[in-house]
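Have the structure open beside you as you read.

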Amino acid sequence: MTHAFRCLLLAGMVLVTGSQVMAQTDQAMQNLQLELNALNSMTDTIGPMVGDAKQRLAQMQAFIKEKNLTGEYSSFKAADNAPQKPSLTFMQAYNEAIKAEKLKGTVTVSTKDLGLLSREVDATTSMVKQSWANLNSKRQDVAEMTAFLNDKGMMNDYTAWGPTYQAEQKKIAKQNAAKEQAAWDAKQKKINAAYNELQKRWDYLGYSTGLDYNYPVSQGGTYGGSGDTQGISRGSTGYSGSNYYSGSYWNGYYDPYYDVHGYPRRDAAGSVDSWNRAESHHRRESTPTAASSVKG
């Protein structure tokens, strides 16, 4: 083997090794971007779910208070009799989000900085973990209230009461918004008046008598003077029964929150046990599934 041939062979090995490293780096970047996309998707999905759960909690608490059951509920909760709603771990939810992202096709990497992308994934993971824990905590609170009202046989009463409560809350929110707008308008009016006054002063200065009040400003110099140079999981047994409240939809990850957002359909007798998820205006579904009543 000649020296020249040996040199060519070694050069080829270096090129192959370099290309392999580049390919591995590119794959690592795509994997990290896929994870980041999945985490961002989780963030966008969890946010509204937490909001819905908070609304339901406030509504159920208000119902319990109105029915003078607060003391009984506290005792029920302290006894720890309520079954825990089945909850996915963060990693279970994360893996499903990654699977969903893979179905979208080719990943477009947002940066060429591997370290930056890795740090962004770490930071976002920490944030989403907290959001996921917060969601499951609120779902457990709802599960406890649901078990209590189920035990009292009052879940149908609660859902029938819900629309009135929501109407009152919207009315209060509208009134508060009007007050806030009026306060903002009043404040803005004062600000605009101050702006106008300053503009008048600037406009007047060019026609003034030249009097100098020599007001010492903090930036140095004097107001109007020539010296101013600055310029200014426990496991679960489930609920008893077979209606909507006992099934997987109520307080589940795909709960449409009919009690908060309204019922899309009732049966001929007006029973709240009739549910049609496909017609829910709250769900953002591109292709609704076939309409069906869910009982459990």
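This is a predicted model: local features need pLDDT of at least 70, side-chain atom pairs count only at pLDDT 80 or more; totals for chains, interfaces and linings use all residues.

1. Of the 296 residues in the protein chain, 30% count as buried.

2. On the overall fold, the protein chain has six helices and two strands. Reading from the N terminus, the order of elements is α-α-α-α-α-β-β-α.

3. Now the inside. The largest nonpolar core holds 21 residues, and the members that touch the most others are Met42, Ile46, Phe90, Tyr94 and Trp132. Helices α1 (3-66), α3 and α4 (114-152) each put in at least two residues. The largest share of this core comes from α1, with 10 residues. As background, nonpolar side chains in soluble globular proteins tend to be buried together.

4. Setting aside neighbours within four places in sequence, Tyr94 is in contact with Glu35, Ala38, Leu39 and Met42. Apart from the core of point 3 lies another one, of 18 residues, with Met60, Phe148, Trp161 and Tyr165 among them.

5. Next, the aromatics. Searching the whole structure turns up seven aromatic pairs. One of them is Phe63 with Tyr158: the ring centres are 5.7 Å apart and the planes sit at 70°, so this pair is edge-to-face. The pair links distant parts of the chain, since Phe63 is in helix α1 and Tyr158 in helix α5 (residues 155-205), 95 residues apart. How buried are these two? Phe63 has a relative accessible area of 1% and is buried, and Tyr158 counts as buried at 0%.

6. Trp161 and Tyr165 make another pair, this time stacked, because their ring centres are 5.0 Å apart and their planes are at 25°. These two residues are four apart in helix α5, which means about one helical turn separates them. Trp161 is buried, with a relative accessible area of 13%, and Tyr165 is buried too, at 11%. Taken together, ring pairs link Phe63, Tyr158, Trp161 and Tyr165 into a cluster. Trp161 and Tyr165 also belong to the 18-residue core mentioned in point 4.

7. On to charges. There are five salt bridges in the whole structure. The one I'd look at is Arg56 with Asp259, whose side chains meet at 2.6 Å, N to O.

8. Glu72 forms a salt bridge with Lys152, with the closest N and O atoms 2.7 Å apart. This pair links distant parts of the chain: Glu72 is in helix α2 and Lys152 in helix α4, 80 residues apart. Glu72 is partly exposed, at 41% relative accessibility, and Lys152 is partly exposed, at 34%.

9. Glu96 pairs with Lys99, the closest N and O atoms being 3.2 Å apart. Both residues lie in helix α3, three residues apart, or about one turn of the helix. Glu96 is partly exposed, with a relative accessible area of 44%.

10. Ser87 sits in the loop between α2 (70-78) and α3 (90-102). At 17% relative accessibility Ser87 counts as buried, and its side chain makes a polar contact of 3.0 Å with that of Arg139.

11. Asn68 is in the loop between α1 and α2. What is its phi, given that Asn68 is not a glycine? The value is positive, about 55°. Asn68 is exposed, with a relative accessible area of 68%.

Notes:
Residues are numbered from 1 along each chain as its sequence is written. Side-chain values use heavy atoms; hydrogens and water are left out. Buried means under 20% relative accessible area, exposed over 50%, partly exposed in between (1.4 Å probe, protein chains only). A polar contact is a pair of N or O atoms within 3.5 Å; within protein, one must be able to donate a hydrogen and the other to accept it, and residues adjacent in sequence count only if both atoms are side-chain atoms. A nonpolar core is a set of buried Ala, Val, Leu, Ile, Met, Phe, Trp, Tyr and Cys residues joined through side-chain atoms within 4.5 Å. Contact means heavy atoms within 4.5 Å. Rings of Phe, Tyr and Trp (its six-membered ring) pair if their centres lie within 6.5 Å; planes under 30 degrees apart count as stacked, over 60 as edge-to-face and the rest as tilted. A salt bridge is a side-chain nitrogen of Lys or Arg within 4 Å of a carboxyl oxygen of Asp or Glu.
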